[in-house]
Amino acid sequence: MSASALAATTNTVANKDGAYVRHAAKHRTDAVEAEPGRYHLHIALACPWAAGALSMLYLKGLEDAISLSVVHPTWQRTRPDDPEDQHCGWVYRAPGDAPLSNPLGHGSYDCDDALIPDPAGAASIRDVYAKAGDASGPFTTPALFDKKTGKLVSNESIDILKLLNSAFDKVAKHPERNFYPSDLAGDLQALNDDLVYPNVNNGVYRCGFAKSQKAYDAAVAGLFEALEDLDKRLASQRFLGGDKFSWLDLRLYHTLVRFDPVYVVYFKTNVKRIADYPNLVSFIRDVYQSVEPVRRATNIKHIKMHYYTSHPTLNTYGIIPASMGPDLEAEHSRGPAGDVYFTH
């Protein structure tokens, strides 16, 4: 497998100027048939996009309607018996299995109780895609799989969020909760498109996977301009849409909660920490404490283990730094835990 093909299957491609370019999702839909037990969600707890999808599944109370599985955080060779195939990606293990090493053989990373093997027996996310007819990838999470048709419904996290928010309401425990309020739709989408996604959610990756100084400098400048803007916005309102928690808060949270324990070091986003922004750090504490389903989808151990052990070009020996980031249990003073949801 060539270097360019390997980068493509792992979604770490840079353009000729060294700027990170995220692949567009190939599997997308805006419609499903809400049959309990028909769909399966493949999750990496370390991945912010997948953790967002898992959060939404929990927020809507879909645990009994949609099955899920959780991969090991450390990437492995997905075709270990083929010396010509060097692809490394998400693999399944069971709790208590032998520890894994990084792709170069360094380190020892345990198989903890958060892991949930694929009930269909897939050894890797690559296998899931191959079963659905996609042999080229990128083999990413989250991935929503239709067990009835054998197809990948979607591997685009924003589509999955929308589907989980409303398409499964007839089988959800919390159909009344709505994270896409219609009266704020335009404002939230514009804030996402102009600021949150390009400069923060994707901005940290543009910093970390830049392959030229120019590309890194542009990405890091945009990232910290956006963080200053968001810190000011959150000084006068609890969430990005006012006093209730929306899909955009969910997307922002899952980037910010990874920032200090990982991105500051690993992606070189070290101009400031989130702990240095009074409103951003209180925002992540508020979400963690007040929105219990999001807390359930937050696993700092898996987050750190994945990033620091999966890319040997960035961290050869797979050493995991000590810091866990800000204390998420500390006082935030942004509001009470109850009544944080929009309703239909």
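This is a predicted model: local features need pLDDT of at least 70, side-chain atom pairs count only at pLDDT 80 or more; totals for chains, interfaces and linings use all residues.
Is R38 buried or exposed? Select R38 to start: this residue is buried, with a relative accessible area of 9%.

**Stop 1: R38 and its partners**

D146 belongs to strand β5 (residues 143–146), while R38 sits in the loop between α1 (3–10) and β1 (39–43), so the pair ties together parts that are 108 residues apart in sequence. D146 has 5% relative accessibility and counts as buried, because the cut-off for that class is under 20%.

Across the whole structure, a search finds 19 salt bridges. Side chains of opposite charge can pair when their charged atoms come close.

**Stop 2: R126 and D85**

Select R126 and D85 next. They form a salt bridge in which the closest N and O atoms are 2.8 Å apart. R126 is part of helix α3 (residues 125–131) and D85 is in the loop between β3 (72–77) and β4 (88–91), so this pair ties together parts that are 41 residues apart in sequence. Both R126 and D85 are buried.

**Stop 3**

Go to helix α7 (residues 213–236) and pick out D229 and R233, which both lie in it. Their side chains meet in a salt bridge of 2.5 Å, N to O. The two residues are 4 apart, about one turn of the helix. An α-helix has 3.6 residues a turn, so residues three or four places apart point the same way. D229 is partly exposed, with a relative accessible area of 28%, and R233 is also partly exposed, at 36%.

**Stop 4: helix α8**

Select α8 (247–266). How many of its 20 residues are buried? The count is 19, so α8 is largely enclosed by the rest of the structure. The end C-alpha atoms of α8 are 27 Å apart; at 1.5 Å a residue its 20 residues should span 28 Å, which agrees.

Move along α8 to F259. A kink of about 75 degrees lies here, shortly before the proline P261. Past the helix, click on K268, which follows α8 and has a positive phi near 65 degrees.

**Stop 5: the cavity**

Rolling a probe the size of a water molecule over the atoms shows where empty space is left. The search of the whole structure finds 1 cavity of 30 Å³ or more, and about 70 Å³ of space lies in the largest cavity.

To display its lining, select P48, W49, G52, A53, S157, L161, N201, L250, R251, H254 and T255. The elements giving two or more residues to this lining are α2 (48–60), α4 (157–167) and α8 (247–266). By class, the lining has 5 nonpolar, 5 polar and 1 charged residues.

**Stop 6: two cis peptide bonds**

Next, go to the loop between α3 and β5, where P138 is placed. A cis peptide bond joins G137 and P138, with omega about 5 degrees. P142 is found in the loop between α3 and β5 as well, and a cis peptide bond joins T141 to P142, with omega again about 5 degrees. Most residues other than glycine have a negative phi, and most peptide bonds are trans.

**Stop 7: the segment after α11**

Finish with S333, which lies in the segment after α11 (300–310). Phi of S333 is near 60 degrees, a positive value in a residue other than glycine. S333 is exposed, with a relative accessible area of 60%. For a distance check, select T78 too: the C-alpha atoms of S333 and T78 are separated by 46 Å, and the two residues are 255 apart along the chain.

D339 has a positive phi of about 60 degrees although it is not a glycine.

Methods: Residues are numbered from 1 along each chain as its sequence is written. Side-chain values use heavy atoms; hydrogens and water are left out. On a 1 Å grid over the protein atoms alone, a cavity is a set of points where a 1.4 Å probe fits but cannot get out, and a pocket is an open set with protein on both sides within 12 Å along at least five of seven lines; lining residues have an atom within 4 Å of a point. Grid points are joined across faces, edges and corners, and a volume is the space filled by probe spheres set on the points. Ala, Val, Leu, Ile, Met, Phe, Trp, Tyr, Cys and Pro count as nonpolar, Asp, Glu, Lys and Arg as charged, and the others, Gly among them, as polar. The expected span of a helix is 1.5 Å times one less than its number of residues. The bend at a residue is the angle between axes fitted to the seven residues ending there and the seven starting there. Buried means under 20% relative accessible area, exposed over 50%, partly exposed in between (1.4 Å probe, protein chains only). A salt bridge is a side-chain nitrogen of Lys or Arg within 4 Å of a carboxyl oxygen of Asp or Glu.
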